[in-house]
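Visitor: I would like to know what stands behind the labels used for this model. Please set each value against its cut-off.

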Amino acid sequence: MKLQFLGATHTVTGSKYLIEHNRRKVLIDCGLFQGLKELRLRNREPFPIDPQKIDSVVLTHAHIDHTGYLPVLMTQGFRGSIYCTSGTRDLCRILLPDSGRLQEEEAGYANRKGFSKHKPALPLYTEEDAMQVLGLFRTIPYETQFDLGDGINLKLIKSGHIIGSAFVSLTNGKTSILFSGDLGREKDLVLRSPGLITESDYLVLESTYGDRLHDPRDPQDQVEEIINRAVARNGVVIVPAFSVGRTQTLLYILHLLKMKGRIPDIPVYLNSPMSISATDVFFDYPGEQRLNPDQREGISNVAKFINSPEESKALNAKKGPMIIISASGMATGGRVLHHLKAFAPDPNNTIVFTGFQAAGTRGASMIANAESVKIHGQYIPVRAEVDVVHNLSAHADQHEILKWLSHFRKPPKTTFITHGEPQAAQTLREKIEDTLHWNCKIPEYLEKIELL
């Protein structure tokens, strides 16, 4: 087998890994590059190999940095099957068309306002492109051996990151390789723990939080403090939301805090059609959660769901205290941008980030105390309080990664460290080498490896 790294090298985005065996070409994940401009430009470059020659794609989970390039791959000629769990398929039915629709809307807005350097600005792909690629999806149950052809067998194992997320295990009968995708957390508030792996000849391992430990404080305590500070100022709390996973966890925390009287019963608005739809899918998979029916009902009732653009715009005229949860989680697009324009300039308000912010995103800039951020062609002052609740992350931190690795009965021949900013990847590499004495490598973009 041969392995080539087509993304997620020295960055957390653009996950794409190509496996070649005999005449078969299998792509593991097909994500968008996000964040820094030089990374985003890769989305518009010709794909490194002919998409028509790719036989199949296997997805670890539905997040756009792992799936968002699929419509482009199809428009460039890919016609194979896309394999994943049913949960991933159901979420992709929401996320991919929404991604295409947002790109169309943003291109249209740029053309109307004239702030794009491109004349005209064009979306990377359309909602219709995304709808078409969904016809290529095929589902596979967890823990089931599946023949991809030419002697390659596939198994999907629960990874505990979001609904439907999976480790991808491939073998040709002689050599095996495991792709972690995004590794979930052993003691996640909502989702069940990741499956334990005991052996694989090679491992491709994410390193999003490879250089840090999550805040040991209970996230309920942090959220309580942040909200009560804002309420004391009659402020508005804006939460840029990761629609899949983080939003549902945050709604559950707000339900618990209100139920216990730890925060006032102020209005909560979920202003993201994608988050609302993803919450419906969340309820369809109770076997992947820790929650009972009453707790799931609490998630449903804690917020008013906003669907129409008119309702969304009306929120910007409301006064605090209130909480608005709105996509996207790194403030790279979506309705949250309009809320940031309205509320970020006021020091009485609060902006709360609930997960990793990739380099080059507005979220990363605000966390780094940027005085302003550029939204829709204009610079918006950021005078609101900016907070981060790291312990809501659905990614394992360094300690949790090492604990998961400790269940391997013997070291992989090579562990490839990917899906992390350079410092995170390098720190995790050194930690694994020092504590477990494994052979680790940080691959380069487009690097090819022979798997023996």
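Guide: Helix H13, residues 398-405, gives the most to the lining of the second largest pocket, with 4 residues. The model is a predicted one.

Visitor: How much space lies in the second largest pocket, and which residues are closest to its centre?

Guide: The second largest pocket holds about 570 Å³ of space. It is lined by 26 residues, and those closest to the centre are Arg185, Glu186, Lys187, Asp188 and Glu400.

Visitor: How do the residues of that lining divide by class?

Guide: The lining of the second largest pocket has 10 charged residues, 8 polar and 8 nonpolar.

Visitor: Why is H4 called roughly antiparallel to H8?

Guide: Helix H4 (residues 86-113) and helix H8 (residues 273-283) pack at an angle of about 175°, and their axes are 9 Å apart. Angles over 145 degrees count as roughly antiparallel, so H4 is roughly antiparallel to H8.

Visitor: Which residues make the contact, and what classes do they belong to?

Guide: H4 contributes Asp90, Leu91, Ile94, Leu95 and Asp98, while H8 contributes Met274, Ser277, Ala278 and Val281. In the contact of H4 with H8, 6 residues are nonpolar, 1 is polar and 2 are charged.

Visitor: Which residues of H8 are buried, and what do they pack against?

Guide: Met274, Ser275, Ile276, Ala278, Thr279, Val281 and Phe282 of H8 are buried. The buried residues of H8 pack against H4, H7, strand S13 (268-270), helix H9 (293-301) and strand S14 (304-305).

Visitor: What makes H7 roughly perpendicular to H9?

Guide: The axes of H7 and H9 cross at roughly 95° and come within 8 Å. The range for roughly perpendicular is 65 to 115 degrees, so H7 is roughly perpendicular to H9.

Visitor: Where do H7 and H9 meet?

Guide: Gln248, Leu251, Tyr252 and His255 in H7 meet Gln295, Gly298 and Ile299 in H9. The contact of H7 with H9 has 4 polar and 3 nonpolar residues, and no charged residues.

Visitor: Why are H6 and H7 also described as roughly perpendicular to each other?

Guide: For H6 and H7 the axes cross at roughly 75° and come within 10 Å. Since 65 to 115 degrees counts as roughly perpendicular, H6 and H7 are therefore roughly perpendicular to each other.

Visitor: Which residues of H6 and H7 meet?

Guide: From H6 there are Pro219, Gln220, Val223, Glu224 and Ile227; from H7 there are Ile253, Leu254, Leu256 and Leu257. By class, the contact of H6 with H7 has 7 nonpolar residues, 1 polar and 1 charged.

Visitor: How many cavities of 30 Å³ or more are there, and what makes a space a cavity?

Guide: Searching the whole structure finds 4 cavities of 30 Å³ or more. A cavity is a set of points where a 1.4 Å probe fits but cannot get out.

Visitor: What lines the largest cavity?

Guide: The largest cavity holds about 90 Å³ of space. Its lining is made up of Val223, Ile226, Ile227, Val237, Val239, Leu250, Leu254, Ile323, Val352, Thr354, Val389 and Leu392. Helix H6 (219-232), strand S12 (236-240) and helix H7 (246-259) are the elements that give two or more residues to this lining, and H6 gives the most, with 3 residues. By class, the lining of the largest cavity has 11 nonpolar residues, 1 polar and no charged residues.

Visitor: What lines the second largest cavity?

Guide: The volume of the second largest cavity is about 70 Å³. Its lining consists of His161, Asp188, Val190, Leu191, Gly245, Arg246, Gln248, Thr249, Phe282, Leu392 and Ala394. H7 provides the largest share, 3 residues. The classes here are 5 nonpolar, 4 polar and 2 charged.

Visitor: Why is Arg335 called buried?

Guide: Buried means under 20% relative accessible area; Arg335 has 18%, so Arg335 is buried.

Visitor: Where is Arg335 found, and what is Arg335 in contact with?

Guide: Arg335 is in the loop between strand S15 (322-326) and helix H11 (336-343). Leaving aside neighbours within four places in sequence, Arg335 is in contact with Asn271, Pro273, Ile306, Asn307, Ser308, Pro309, Ser312, Ser326 and Ala327. Ser312 is 23 residues apart from Arg335 along the chain, and their C-alpha atoms are separated by 7.6 Å.

Definitions and conventions:
Residues numbered from 1 in each chain as written. Predicted model: local features only at pLDDT ≥ 70, side-chain atom pairs only at ≥ 80, totals over all residues. Heavy atoms only, no water. 1 Å grid on protein atoms, 1.4 Å probe; cavity = no way out; pocket = protein on both sides within 12 Å on 5 of 7 lines; lining within 4 Å. Points joined across faces, edges and corners; volume = space filled by probe spheres on them. Nonpolar A, V, L, I, M, F, W, Y, C, P; charged D, E, K, R; others polar. Axes fitted to C-alpha atoms, helices over the stretch in contact; angles between N-to-C directions. Parallel < 35°, antiparallel > 145°, perpendicular 65-115°, else oblique. Contact = heavy atoms within 4.5 Å. Buried < 20%, exposed > 50% of the residue type's maximum accessible area, 1.4 Å probe, protein only.
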